[in-house]
Amino acid sequence: MDTLLHWAHRIDDWSERTGRVMYYCTLAMVVIGAFNAVARYTDKYTGLGLSSNTWLELQWYLFGLVFLLGAAYTLKHDDHVRVDVLYSRLSSRGKAWIDLAGTLLFLFPFCGLVLYMSIPMVENSWAVLEQSPDPGGLPRYPIRTIIPIAFVLVMIQGVAMTIKQVAILRGHDPDVVDPSESVGADPVDPTLPGDT
């Protein structure tokens, strides 16, 4: 179990780092959005031509990156929308059973369906090197590629969740890994530099 938990912590670490990168994408999206608003009004009164479809689409692409690539990070922190009446009152084992069932019955099949539906679209987009139909727009094939990548990351985070839920059901603490029992593995520090 410790070896599996070791890998679950490695997955958590990857999702954490991906999520931290999304912080910077969010900042860039806000700055570009503010620039777009200022440029649009400046152009209206001065005619300088600062606004363009490139900047607008870049803002949309950054939003797509934050939304899609931030999903695994959000799942890791259990910060997705949860509508429940009983869940918060359950024991840790009860929560583990519900999370395990949700992961196996809903998360994995949904991710598989999205991958099944999106991969042909991405292949077609790359085959024609799809471009934006708007003048000055950006290529569409790179941003379309993010869709299956994001759902693979969510599935991988789902694997980490499954391991931790099974650990709870077997009486293990999912946050504690004995490095001496992990095959060829170094202990994983769940905190990132700068978290202290």
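Helix 1 has 45 residues, which at 1.5 Å a residue should span 66 Å, and its end C-alpha atoms lie 65 Å apart, in agreement with that expectation. This is a predicted model. The protein has 5 helices and 0 strands, and from the N terminus its elements run α-α-α-α-α. Buried residues make up 36% of the 196 residues. Of the contacts with a separation of 6 or more, 76% are between residues 24 or more positions apart.

- Helix 5 covers residues 141-169, which is 29 residues.
- From first to last C-alpha, helix 5 reaches 43 Å, close to the 42 Å expected at 1.5 Å a residue.

**Packing of helix 1 against helix 5**

- Two packed helices are described by the distance between their axes and the angle between those axes.
- The crossing in which helix 1 passes helix 5 is left-handed.
- On the helix 1 side, the contact is made by Leu4, Leu5, Ala8, Ile11, Asp12, Trp14 and Ser15.
- On the helix 5 side, the contact is made by Leu153, Ile156, Gln157, Val159, Ala160, Ile163, Lys164 and Ala167.
- By type, the residues of this contact divide into 11 nonpolar, 2 polar and 2 charged.
- In an α-helix there are 3.6 residues a turn, so residues three or four places apart point the same way.

- Ser15 lies in helix 1 and is one of the residues that make the contact with helix 5.
- Ser15 counts as buried because its relative accessibility is 3%, and the cut-off for buried is under 20%.
- Leaving aside residues up to four places away in sequence, Ser15 touches Ala72, Tyr73, Lys76 and Gln157.
- Among these neighbours, Gln157 belongs to the helix 5 side of the contact between helix 1 and helix 5.
- Tyr24 also has its place in helix 1.
- Tyr24 is exposed, because its relative accessible area is 63% and exposed means over 50%.
- Tyr24 and Val66 are 42 residues apart along the chain, and their C-alpha atoms are separated by 9.3 Å.

**Positive phi in loop residues other than glycine**

- Asp78 has a phi near 55 degrees, a positive value in a residue other than glycine.
- Asp78 sits in the loop between helix 3 (71-76) and helix 4 (92-127).
- With a relative accessibility of 36%, Asp78 counts as partly exposed.
- Leu129 has a phi near 45 degrees, again a positive value in a residue other than glycine.
- The loop that holds Leu129 runs between helix 4 and helix 5.
- Leu129 has a relative accessible area of 44%, so this residue is partly exposed.

Key. Residues numbered from 1 in each chain as written. Predicted model: local features only at pLDDT ≥ 70, side-chain atom pairs only at ≥ 80, totals over all residues. Heavy atoms only, no water. Helix = DSSP H or I, 4+ residues; strand = E, 2+ residues; numbered from the N terminus. Expected span 1.5 Å × (residues − 1). Left-handed = near helix turned anticlockwise from the far one by under 90°. Contact = heavy atoms within 4.5 Å. Nonpolar A, V, L, I, M, F, W, Y, C, P; charged D, E, K, R; others polar. Buried < 20%, exposed > 50% of the residue type's maximum accessible area, 1.4 Å probe, protein only.
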